[in-house]
Amino acid sequence: MLQARIAAHASWAQTKDRAARTANARRALMNKFERAVDPDGLLSAEERAFRAEHARKAHYLRLSRKSAQARRRRNCRNEHNGGEA
């Protein structure tokens with residue numbers, strides 16, 4: 001596990017164009033959201049992109065909410081245990 005992390009950091013340190021390196025992944029993720037909002041391919045490209053962008057934002061907001069809830073639970077648990085982490 002540690003060796004993989006070292007290799008990943010070394011690889012990113014040598015990457016000149018990070019956006020190009022991750023372009024395929026970003027495109028695949030947007031395609032996933034486009035399929036979710038228009039599974040039958042009936043919408044125009046513009047409407048599909050508009051809805052997919054909102055589906056993406058909703059997805060990340062849900063993740064953010066879950067993260068905040070987990071932090072709140074963890075902090076509450078720590079307060080009840082005398083502040084121990």
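Start by selecting Ala10: with a relative accessibility of 41%, this residue counts as partly exposed (buried means under 20% relative accessible area, exposed over 50%, and partly exposed lies in between, using a 1.4 Å probe and protein chains only). Ala10 sits in helix 1, residues 2-13. Helices here are DSSP runs of H or I with at least four residues, strands are runs of E with at least two, and both are numbered from the N terminus.

Before moving on, a word on what you're looking at. This is a predicted model, where local features need pLDDT of at least 70 and side-chain atom pairs count only at pLDDT 80 or more, while totals for chains, interfaces and linings use all residues. Residues are numbered from 1 along each chain as its sequence is written, and side-chain values use heavy atoms, leaving out hydrogens and water.

Next, go to Met1, in the segment before helix 1. Is Met1 buried or exposed? Its relative accessibility is 81%, so Met1 counts as exposed.

On to helix 3, residues 45-80. How far apart are its end C-alpha atoms? They are 52 Å apart, which agrees with the 52 Å that 36 residues should span at 1.5 Å a residue (the expected span is 1.5 Å times one less than the number of residues). Colour Arg48, Ala52, Ala55 and Asn78: these are the buried residues of helix 3. Then show helix 2 (18-37), which is included in what covers them; contact means heavy atoms within 4.5 Å.

Time to zoom out. The protein has three helices and zero strands, and along the sequence the pattern reads α-α-α. The radius of gyration is 20 Å, well over the 12 Å that the globule rule gives for 85 residues, so the protein is more spread out than a compact globule. (That radius is taken over C-alpha atoms, and the rule is 2.2 Å times the number of residues to the power 0.38.) Along the principal axes, the C-alpha atoms fill a box of roughly 55 × 35 × 20 Å. Of the 85 residues, 9% are buried.
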